[in-house]
Amino acid sequence: MIREAIAKGETVEIAFANACRELGVDTTDAEFEILEMPQKKTFGLFGGAPAKVRAYIEEHNPAQEAADYLKWVLGEMGLPDATVEIRPVEAGAELVLDGDDIGFIIGHRGETLDALQYLASLVANHVEGSYFRVTLDVGNYREKRKETLEALGKKMAARAVKTGRNSSLEPMNPYERRIIHTAVQTVAGAKSWSEGVDQGRHVVIGPEGGERPQRRDNRRPRNGGNRSRNANDRGRRPRNDRPRPNPAPRAEGPKADDPTTPIYGRIEKK
């Protein structure tokens, strides 16, 4: 987008300065075009004309630049008729994509849409200054995904409170992790935090007091072992007085009730 102003002055420099004043910018921030050169008066008394200059600046419209870029990308992806609607929001804009057979650009769990959003954001913020936030949406996917994540966060938080164990969710982008954290805060007794780095960063949900130790079941079977059925035989040695060899000790394997053993693996929403 170009803003311009036309002004006159005794010299080209004065005319340019007058035009920049109308634009509200400094002369170092604008370009100019000379429309008319100044003409001197004949004998210093007759005729003459001032200089006429057009000053202009090219304004950065981040939303429009991002939209134009997306139109080009969609055309290269075989969607030349796709449209990009710009919806201004606080500190940025939401770009809504529409067109026939455009749903495939969402990708697995929104990965393709997130990649396009990242590229559009780079285009919108190529000029130094305040950050301009760009979000992409197709068919209200973002709202539907948000509802799914909120339900997942609350479900896993309730399970963590009930079982006393931590649950690790699948890796998510920062925006989706924030949705999970907000949902967990609505469940009393549950907390959440993020672990991992880069593409593997994910949310872990657990009870507020930490994982509870699991109880061991040391109960003996009611009729187990060589216990005598006759109460009168209690304390008696068997008829064979020879001592029995001690059985070989059993090799202990991993304990299933070890509190450090996770009971949940990677959680995926079906």
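Just after α1, Gly24 adopts a positive phi of about 80 degrees. The model is predicted, with local features requiring pLDDT of at least 70 and side-chain atom pairs pLDDT 80 or more, while totals for chains, interfaces and linings use all residues. Residues are numbered from 1 along each chain as its sequence is written, and side-chain values use heavy atoms, without hydrogens and water.

**Exercise 1.** Determine which residues of α1 are buried and how they are arranged about the axis.

*Solution.* 
1. Helices (H or I, at least four residues) and strands (E, at least two) are DSSP runs, numbered from the N terminus.
2. Buried means under 20% relative accessible area, exposed over 50%, partly exposed in between (1.4 Å probe, protein chains only).
3. Val12, Ala15, Phe16, Ala19, Cys20 and Leu23 are the buried residues of α1.
4. Viewed down the axis of α1, the buried residues fall within an arc of 135 degrees, so they line one face of the helix; the arc is that of the directions from the helix axis to the C-beta atoms.
5. On the other side of α1, Glu13, Arg21 and Glu22 are exposed.

**Exercise 2.** Identify the largest nonpolar core and the elements that supply it.

*Solution.* 
1. A nonpolar core is a set of buried Ala, Val, Leu, Ile, Met, Phe, Trp, Tyr and Cys residues joined through side-chain atoms within 4.5 Å.
2. The largest has 24 residues, and Leu70, Leu97, Ile105 and Leu136 have the most contacts inside it.
3. At least two residues of this core come from each of α2 (62-76), β5 (92-98), α3 (111-124) and β6 (133-138).
4. The largest share, 6 residues, comes from α2.
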